[in-house]
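Here's a quick briefing to read alongside the model. Have a look at the sequence and the fold first, then come back for the notes.

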Amino acid sequence: MKFCSQCGKPVDQRIPEGDNRLRYVCGHCDTIHYQNPNIVAGCLPVWQGKVLLCRRAIEPRLGYWTLPAGFMENGETLQQAACRETDEEACARVSNLELYTLFDLPHISQVHVFFRAELADLDFAVGPESLEVQLFDESAIPWSELAFPTVGHTLKYFFADRVQQHFPVRNEYLPPLRRS
Ligand code: ZN
């Protein structure tokens, strides 16, 4: 951040009184600009044992497969965010959302949350942020072409848990990934 979003003057980085972290602070209007993690919410839509994946039409990870997910907006609930993203990316309607995986990604200041969900019908389609939208059997999942580690972890948990028909909620810390 270079300029204050309140008054437009340049900001400095300093530790405000009573705080213990560096913050962007406006020396003109005294606004402290706190920066906090972003939440990415998504669905794992299931239809007769198959899961719905989208191939990304946008960066990052263009051309790679993902579960429908995206940044939560102000004024919506987690489930609303997950449903909206599923509609935007796959033109798909889901129901019976169940909280499933939460990933802490402190190195990029994000939290990723996925819900298991029932795909309501087969009337899905390619949304503007997708190149393809497709249902996959476990055996056909493009494991080496998944867009994000949190998608791969969620799918692995799902197929493992499905054997027992028991789907505990998982909260996991994911360290930075080194890509070769
Ligand atoms: Zn200011």
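How many aromatic pairs does the count come to? The count comes to 5 aromatic pairs, and keep in mind that this is a predicted model.

**The Trp65–Phe136 pair**

- Trp65 and Phe136 make an edge-to-face aromatic pair, with 4.9 Å centre to centre and 80° between the planes.
- This pair links distant parts of the chain, as Trp65 belongs to strand E6 (residues 65-66) and Phe136 to strand E10 (residues 130-136), 71 residues apart.
- Trp65 is buried because its relative accessibility is 6%, and buried means under 20%.
- Phe136 also has 6% relative accessibility, so Phe136 counts as buried too.

**The stacked pair and its cluster**

- Phe158 and Phe167 count as stacked because their ring planes lie at 20°, under the 30 degrees needed; their centres are 5.7 Å apart.
- Phe158 has a relative accessible area of 4%, so this residue is buried.
- Phe167, at 16%, falls under the 20% limit and is therefore buried as well.
- Phe158 and Phe167 belong to one aromatic cluster, together with Tyr100, Trp143 and Phe159.

**Arg116 over the rings**

- Arg116 has its charged end over the ring of Phe167, 4.0 Å from the ring centre.
- The charged end of Arg116 also sits over the ring of Tyr100, this time 5.6 Å from the centre.
- Both of those rings come from the aromatic cluster, which includes Tyr100 and Phe167.

**The zinc site**

- Four cysteines supply the protein donors of the zinc ion through their SG atoms: Cys4, Cys7, Cys26 and Cys29, lying 2.2 to 2.4 Å from the metal.
- The zinc site is tetrahedral, with angles of 102 to 119° among its 4 donor atoms. That label applies because all angles lie between 85 and 135 degrees.
- Along the sequence, the donor residues follow the spacing C-x2-C-x18-C-x2-C.
- Is Cys26 buried or exposed? Cys26 is buried, as its relative accessible area is 0%.

Definitions and conventions
Residues are numbered from 1 along each chain as its sequence is written. This is a predicted model: local features need pLDDT of at least 70, side-chain atom pairs count only at pLDDT 80 or more; totals for chains, interfaces and linings use all residues. Side-chain values use heavy atoms; hydrogens and water are left out. Donors are N, O and S atoms within 2.8 Å of the metal (3.2 Å for Na, K and Ca); water is not among the atoms, so sites may look incomplete. Four donors count as tetrahedral if all angles lie between 85 and 135 degrees; four count as square planar and six as octahedral if opposite donors are over 155 degrees apart and all others between 65 and 115; anything else is irregular. Buried means under 20% relative accessible area, exposed over 50%, partly exposed in between (1.4 Å probe, protein chains only). Rings of Phe, Tyr and Trp (its six-membered ring) pair if their centres lie within 6.5 Å; planes under 30 degrees apart count as stacked, over 60 as edge-to-face and the rest as tilted. Helices (H or I, at least four residues) and strands (E, at least two) are DSSP runs, numbered from the N terminus. A charge sits over a ring if NZ of Lys or CZ of Arg is within 6 Å of the ring centre and within 35 degrees of the ring normal.
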